[in-house]
Amino acid sequence: MKYIIFQFLLAIAFQACIAQNKTTPCKDTFEVDIDNTGLYENASLIKDSMQKKLEIVFEMDFNDSIYIYCGTKIIQHKKIETNKPLGVSRETVKIDYSNYKDTPRISIFLKKKNDCISFFPKRGKRMAYINHINGAWSVELSNIIREYR
C-alpha cells in the first residue's frame with residue numbers, strides 16, 4: 001500500500017514539474033501602435049526599414065525571465081530587467097523573420113507573472129517598444145531608435 005501511494009505522489013510531482021516548464025505562444029493577438037511622428041534626429045532613423053527584421057526593446061516594468069516565440073518556435077529565453085533610472089532594459093532581442101513565407105506572430109511570455117502578449121510585426125517598421133505596467137501591455141512599432149538619458 002505504501003508503495004502505491006509513493007508511486008502516486010511521485011507521478012503527481014513529476015506532472016507538476018513538467019507543467020511548470022511548458023509555455024506556449026499567446027492565444028490572442030494584440031493590436032500594435034505605429035509611431036508616425038516626424039520629430040526625430042536624422043541619425044536616429046533606421047535607413048533600411050524594408051528588411052524583415054525586428055529589434056525588441058523592453059521599457060518600463062520588466063524583471064522576469066521571458067520566452068520569445070516567432071510563430072510557434074522559441075527563439076529566445078533570457079532574463080530581462082529594467083534599469084529603473086533609464087526606464088529601459090539594456091537587453092534587446094533581435095528577430096530575423098526573412099525565412100518565413102508569411103509574417104509570423106511574435107509572442108512574449110513572462111515566466112513568473114504567467115502573462116503574455118502576441119503581435120504581428122509590420123514590414124517597414126524595424127523597432128518594437130514593449131511596455132508592461134501593472135499587467136497592462138503596449139507595443140509600439142517604429143523606425144526611430146530612441147535615446148534614453
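Start with Glu59 and Arg146: their side chains form a salt bridge, with N to O at 2.9 Å. The term stands for a side-chain nitrogen of Lys or Arg within 4 Å of a carboxyl oxygen of Asp or Glu. Glu59 sits in strand β2 (residues 53-60) and Arg146 in the segment after β9 (136-142), so the bridge ties together parts that are 87 residues apart in sequence. Strands here are DSSP runs (E, at least two residues), as are helices (H or I, at least four), and they are numbered from the N terminus.

This is a predicted model: local features need pLDDT of at least 70, side-chain atom pairs count only at pLDDT 80 or more, and totals for chains, interfaces and linings use all residues. Residues are numbered from 1 along each chain as its sequence is written, and side-chain values use heavy atoms, with hydrogens and water left out.

How accessible are the two partners? Glu59 counts as buried, at 8% relative accessibility. Arg146 is partly exposed, at 26% relative accessible area. The cut-offs are under 20% for buried and over 50% for exposed, with partly exposed in between (1.4 Å probe, protein chains only).

The structure holds four salt bridges. Another joins the side chains of Asp61 and Lys84, at 3.4 Å from N to O. Asp61 lies in the loop between β2 and β3 (63-70), and Lys84 in the loop between β4 (73-83) and β5 (88-96), so this pair connects parts 23 residues apart in sequence. Asp61 is partly exposed, with 28% relative accessible area. Lys84 is exposed, at 59%.

Now move to Glu91 and Lys78. Their closest N and O atoms are 3.0 Å apart in a salt bridge. Glu91 belongs to strand β5 and Lys78 to strand β4, and the two residues are 13 apart. Glu91 is partly exposed, with a relative accessible area of 38%. Which residues do shared partners join into one network? Glu59, Glu140 and Arg146 are linked in this way by salt bridges.

The strands themselves come next. Nine of them form an open sheet of mixed pairing, in the order β1-β9-β8-β2-β5-β4-β3-β6-β7. Two strands pair if DSSP finds at least two bridges between them. Strands of a sheet pair through backbone hydrogen bonds, either parallel or antiparallel. β2 and β5 run antiparallel and are joined by six bridges. Here Glu59 returns: its bridge partner in β5 is Val88.
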